[in-house]
4 protein chains.
Amino acid sequence: MIKIGIIGYGYWGPNLVRNFAETSGAIIAGVADLNPKRLEIVQKRYPGVRTTTQFQDLLGDPSIDAIAVATPVSTHFELGMAVLKADKHLWLEKPMTETSEQARKLIDEAEKRNLVLIVDHTFIYTGAVLKMAELIKSGDLGNIYYYDSTRVNLGLFQRDVSVISDLAVHDFSILDYLLGEQPAAVSAVGTNHFPGTPENLAYLTLFYDSGIIAHINVNWLAPVKVRQILIGGSKKMITYDDLEPSEKIRVYDKGISFTDDPQQIYEMRVGYRTGDMWAPRLDSTEALRVEGDHFVECIENGKTPLTDGSLGLRVVELIEAATRSMNERGRSVEIKGTQMYQGRKVA
Amino acid sequence: MIKIGIIGYGYWGPNLVRNFAETSGAIIAGVADLNPKRLEIVQKRYPGVRTTTQFQDLLGDPSIDAIAVATPVSTHFELGMAVLKADKHLWLEKPMTETSEQARKLIDEAEKRNLVLIVDHTFIYTGAVLKMAELIKSGDLGNIYYYDSTRVNLGLFQRDVSVISDLAVHDFSILDYLLGEQPAAVSAVGTNHFPGTPENLAYLTLFYDSGIIAHINVNWLAPVKVRQILIGGSKKMITYDDLEPSEKIRVYDKGISFTDDPQQIYEMRVGYRTGDMWAPRLDSTEALRVEGDHFVECIENGKTPLTDGSLGLRVVELIEAATRSMNERGRSVEIKGTQMYQGRKVA
Amino acid sequence: MIKIGIIGYGYWGPNLVRNFAETSGAIIAGVADLNPKRLEIVQKRYPGVRTTTQFQDLLGDPSIDAIAVATPVSTHFELGMAVLKADKHLWLEKPMTETSEQARKLIDEAEKRNLVLIVDHTFIYTGAVLKMAELIKSGDLGNIYYYDSTRVNLGLFQRDVSVISDLAVHDFSILDYLLGEQPAAVSAVGTNHFPGTPENLAYLTLFYDSGIIAHINVNWLAPVKVRQILIGGSKKMITYDDLEPSEKIRVYDKGISFTDDPQQIYEMRVGYRTGDMWAPRLDSTEALRVEGDHFVECIENGKTPLTDGSLGLRVVELIEAATRSMNERGRSVEIKGTQMYQGRKVA
Amino acid sequence: MIKIGIIGYGYWGPNLVRNFAETSGAIIAGVADLNPKRLEIVQKRYPGVRTTTQFQDLLGDPSIDAIAVATPVSTHFELGMAVLKADKHLWLEKPMTETSEQARKLIDEAEKRNLVLIVDHTFIYTGAVLKMAELIKSGDLGNIYYYDSTRVNLGLFQRDVSVISDLAVHDFSILDYLLGEQPAAVSAVGTNHFPGTPENLAYLTLFYDSGIIAHINVNWLAPVKVRQILIGGSKKMITYDDLEPSEKIRVYDKGISFTDDPQQIYEMRVGYRTGDMWAPRLDSTEALRVEGDHFVECIENGKTPLTDGSLGLRVVELIEAATRSMNERGRSVEIKGTQMYQGRKVA
């Protein structure tokens with residue numbers, strides 16, 4: 001049984017508390033937040049749980065095995081390092097840190113102390129992403145041609161980070177997990193429609209040495225919510241609509257074939273074939289629960305999490321490169337691979 | 001009553017013939033195509049219509065007032081110029097020509113001879129685009145922030161032009177009509193997944209001096225068909241889903257408001273407001289019919305078409321700039337305005 | 001090559017003319033309509049086709065092999081009988097006749113003269129219905145539990161027939177083809193919201209001796225168009241959404257399983273299993289074209305059409321029974337089987 | 001501050017506990033369930049809340065003001081009466097009781113003791129139903145023609161009650177609230193596909209003296225989930241799709257108009273008009289929270305709940321009549337009005 005403390009009860013913290021409260025292998029040992037009003041909510045919902053405005057209370061409690069940090073990203077490094085130095089396992093919200101430099105220091109510290117460091121890229125633990133990884137790995141899609149994601153909605157403007165850190169970060173982690181390949185370069189343009197705020201809209205293109213192209217459209221100022229990914233392969237293609245209550249993943253037996261048929265040449269077209277569509281059943285367990293169980297298991301058995309520090313670091317590197325490109329109006333920025341894939345590649 | 005000849009009975013020609021056959025102000029005087037098999041289809045469908053494999057037969061017929069050219073773009077300039085020099089009004093398929101140089105020559109020739117030159121940017125004549133123009137012009141949307149279009153589907157690969165000329169061209173014309181402003185620069189990346197073929201996937205970003213940003217996602221290799229445009233304004237926002245049988249246009253009374261509420265500052269968010277959604281009734285007349293009637297009326301009354309040569313030219317300039325940017329992996333390419341808006345601005 | 005005349009160029013006639021004009025085995029020999037204005041449209045679209053306001057002109061033309069009757073149902077019997085007595089093959093619009101008595105007479109006349117009689121239940125020739133028949137016949141669905149159809153939209157109120165004859169008639173023919181079993185009884189309620197007009201809304205339930213229950217919801221006064229059928233089987237279930245551009249048919253690997261698990265008993269529920277969904281590729285040839293080719297082939301090879309007079313008769317019997325039930329506020333009305341399935345059963 | 005006990009922590013009880021835990025005017029004083037395993041879940045989620053397998057412990061606690069009963073319907077009368085006799089306000093799950101006789105006794109007991117009796121017809125407290133009531137009351141829809149509801153999905157078969165009590169009951173309460181009129185008669189057919197279980201599929205038609213017709217299609221064995229209501233009025237029409245994340249309610253400015261236009265008479269059609277569609281913003285507060293606050297307010301201020309015993313009774317009467325009709329294969333069963341509308345009519 002793992003005892004867990006949570007620092008930060010703002011937007012995401014309540015989800016962590018709710019999930020760990022129902023994880024059989026974990027017990028919530030305490031919740032810290034600077035704001036006493038937030039702690040009152042904890043008290044009302046979980047009368048037995050200890051609360052404090054001093055996160056140090058949790059660090060100093062020797063009965064606590066692990067701490068989850070769900071605070072603004074600007075505090076991730078300092079708090080994460082403090083957790084590790086208190087010799088506790090660390091669950092860090094995404095993005096891992098503000099800079100890749102900070103991410104590397106956390107990775108080193110965790111390794112030195114033999115502590116588990118998980119970065120909460122929740123999407124990786126969804127039935128949908130796990131199924132897509134399985135389909136790509138099996139070769140069913142053939143060669144991957146492109147990945148095209150649209151992630152737009154109204155609201156939840158953030159003060160300290162741009163829409164890239166908030167939304168594109170999901171695609172960065174999914175791409176990393178699905179492709180097992182770091183992009184060679186990224187080009188991003190974005191704009192903020194309100195002076196003094198971070199970019200609320202961005203378009204990103206990622207170039208891979210294997211020829212794959214990935215495109216990401218993120219926007220906090222859209223009238224409708226869209227969460228749609230298209231993946232094109234030489235044999236089959238996938239749509240992933242995260243707003244579908246079921247059948248989120250659809251696999252299309254469609255593609256292109258070339259022809260010397262003079263009639264088609266006259267009509268200036270290549271042939272295309274279209275077959276069946278298939279929507280595989282997905283595991284519908286809440287991803288955060290899967291991830292919580294995984295964290296507990298990694299701690300108990302000394303395993304490396306699926307979303308470990310090195311994945312978190314690669315995502316931060318991508319954010320850095322994309323942000324640099326965006327500041328230079330879309331100039332293509334190269335990415336230096338971290339060489340840390342550790343055999344976890346799925347494709 | 002206008003007598004019209006049609007050159008080219010391939011992919012689009014049949015639509016022109018069908019529409020002009022039912023336009024009350026027009027009579028089809030002949031159809032030319034290099035392929036006798038295509039002309040047999042004309043004969044079966046329209047037994048009374050004259051057909052020929054020699055387009056010169058139509059040019060030389062003094063009873064013919066106007067000629068529509070629906071052939072591959074590489075022949076537009078030569079055929080269009082021949083039509084004008086035969087002193088006939090000209091209907092040209094989009095894109096107008098392969099180069100802006102050619103487009104300018106056609107415009108000059110038509111002006112010199114006082115002939116009507118219409119470029120068939122059909123979308124401008126749809127109830128949906130006309131309604132969006134009305135909403136923008138009236139100020140209902142407030143300041144326009146962005147235009148975001150996704151136009152993807154499987155198939156109809158073309159041999160001679162890229163997906164930009166085939167699909168993005170629609171957005172170029174719609175943007176020109178809606179905004180009445182030529183973009184200052186364009187950045188485009190694209191890729192072809194099959195050696196020796198044009199780009200079948202492209203992502204374009206257009207930058208406007210007014211601060212508007214436009215983004216266009218076009219793809220011939222997608223498993224599903226999407227035709228969706230989002231337009232964000234300071235007061236209201238629009239979605240335009242061309243695949244909806246009705247309610248193609250939806251107007252959302254949604255937006256962002258800033259706050260000094262300390263609770264919201266704590267949560268790092270600006271406020272947002274959401275109101276009603278409204279789907280105005282649209283004119284459902286087939287756009288090509290509207291455009292056909294408009295062409296006849298322009299000929300009879302000496303009017304300038306909504307989609308005249310200058311609009312066609314600006315679209316070709318955009319294709320040129322976008323293609324140049326695509327060839328340089330997304331480098332931002334500036335566009336020199338043609339200064340020919342002639343008071344047709346709608347916004 | 002079959003020469004065909006068409007009587008009636010109102011709502012559906014134009015579709016017949018368009019299709020037969022492009023059927024390779026058929027030539028249109030003439031079109032008759034009482035209204036000269038309608039014939040002008042024919043002349044404009046098909047300049048070479050003979051038109052007449054006297055249908056007798058077509059009956060008396062010895063070169064004509066077959067005649068399609070697309071007039072109001074009240075004239076079907078008289079015109080159909082005249083066609084047969086002129087020794088021509090007969091294509092009759094649905095519903096076949098006003099009364100089952102009339103339908104029997106037409107069947108007898110056609111048999112006596114060895115003429116082909118097809119009733120235009122177009123839906124049977126769609127890729128979707130053909131695929132559903134194949135799935136049911138193969139046993140993939142297991143035992144059929146129910147058929148549930150919703151067919152609602154705004155408009156096309158008819159003066160002479162109720163919404164049952166206009167819309168439920170589609171389900172009557174589809175059910176006949178899919179199940180190969182005539183219902184034992186029908187219960188229907190309906191209402192007209194405008195005095196002096198036929199019922200514009202009706203709910204029908206069909207009871208089968210095999211235990212299958214079928215339900216049909218038809219409505220001319222609905223704000224949205226719906227064309228959705230659910231078919232429940234013991235092994236799999238189908239949805240058929242005719243408004244989907246592709247993937248009209250979806251097959252769900254879903255069902256119910258019973259359990260003695262005390263936990264489930266406590267929760268008062270039976271178990272249910274949910275597996276993959278699968279959307280088979282459908283033949284997308286226009287159904288009317290398939291049916292036209294089929295008619296030509298039946299004439300040339302002396303075959304019995306899939307939608308012959310006996311199917312047409314059973315549909316008329318169902319309309320009669322349903323109308324009687326509706327007039328008696330839903331009293332269950334028994335149906336006497338026609339015993340004419342002739343081995344065409346698909347399930 | 002009201003102290004509340006909850007009896008029953010099965011399917012719905014957890015929702016009650018969660019909501020009352022966050023209602024500012026209420027405190028949860030205890031939870032009773034026969035199953036100790038269920039109470040363990042309560043303990044884990046709400047460590048401070050008292051639990052017991054003896055509901056009498058709650059009845060005997062003088063500090064408790066009100067008790068919510070969320071147990072199988074067969075126990076509602078006995079438990080509800082015990083609560084009232086313990087002089088506590090009563091929150092009863094729907095359907096209120098097994099028989100209308102029982103419902104009347106509970107109403108009498110509550111009235112005699114001046115206690116609040118609320119029946120948990122949650123739908124009445126949704127933003128969608130409240131908005132529809134407002135639109136109907138204002139006359140915007142004109143005369144109501146019909147109400148057509150489809151409520152189908154897979155699963156949650158119940159052992160003790162049919163799909164009518166489980167799903168159609170929602171429409172019974174919504175109809176009561178929207179129309180303020182009890183139907184004059186009901187006709188229902190249903191079937192159970194598994195021996196020994198209640199009906200899992202039913203089709204119901206309700207006839208109103210005002211001419212309104214209501215139809216309800218409920219099914220536990222459908223491959224997809226549908227929650228769609230159409231309401232037709234003489235001026236406007238509504239669709240209510242409860243699965244839409246936003247824009248659940250859409251108001252269509254559509255209808256029928258009659259004509260003497262000879263062309264239309266020829267075409268056997270009445271005219272129809274189609275205008276804009278409008279989706280009003282809805283209050284998105286969770287309905288159970290609204291209802292909880294309403295219950296607290298009724299207790300504190302001696303008000304009658306919107307969903308009081310008389311509404312609960314009318315719903316039970318409808319279930320009784322529909323079940324009788326279903327057992328007689330659809331025979332139309334008359335309903336004797338309860339004459340207890342008490343001026344709460346909204347239309």
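These exercises, each with a worked solution, concern a predicted model. Local features need pLDDT of at least 70, side-chain atom pairs count only at pLDDT 80 or more, and totals for chains, interfaces and linings use all residues. Residues are numbered from 1 along each chain as its sequence is written, while chains are lettered from A and ligands numbered from 1 in the order in which they are written.

**Exercise 1.** Find which rotation superposes chain B on chain A.

Solution. Superposition here is by least squares on the C-alpha atoms of residues with pLDDT of at least 70 in both copies. The rotation is 180°, with 0.0 Å of shift along its axis and an RMSD of 0.0 Å. The two copies are therefore related as by a two-fold rotation axis. In chain B, the C-alpha nearest that axis belongs to B:Arg331, at 3.4 Å.

**Exercise 2.** Describe the side of chain B that touches chain A.

Solution. Two residues are in contact if their C-beta atoms, placed from the backbone, lie within 7 Å. By this criterion 46 residues of chain B meet 46 residues of chain A. Next, assign them to strands (DSSP runs of E, at least two residues, numbered from the N terminus). Strands that each supply at least two residues include β7 (144-154), β8 (185-191) and β14 (271-279) of chain B. The most comes from β11(B), with 6 residues. Last, sort by class: Ala, Val, Leu, Ile, Met, Phe, Trp, Tyr, Cys and Pro are nonpolar, Asp, Glu, Lys and Arg charged, and the others, Gly among them, polar. This side of chain B has 23 nonpolar, 16 polar and 7 charged residues.

**Exercise 3.** Describe the side of chain A that touches chain D.

Solution. Here 7 residues of chain A are in contact with 7 residues of chain D. Helices are DSSP runs of H or I, at least four residues. Of these, α1 (13-22) and α2 (36-45) of chain A each supply at least two residues. By class, this side of chain A has 3 nonpolar, 1 polar and 3 charged residues.

**Exercise 4.** Locate the two domains of chain A and describe their contact.

Solution. Domain bounds come from an automatic or database domain assignment. For chain A it gives domain 1 (2-121) and domain 2 (124-287 + 313-334). Their C-alpha centres lie 30 Å apart. The contact takes 13 residues from domain 1 of chain A and 12 residues from domain 2 of chain A. The domain 1 side has 6 nonpolar, 5 polar and 2 charged residues.
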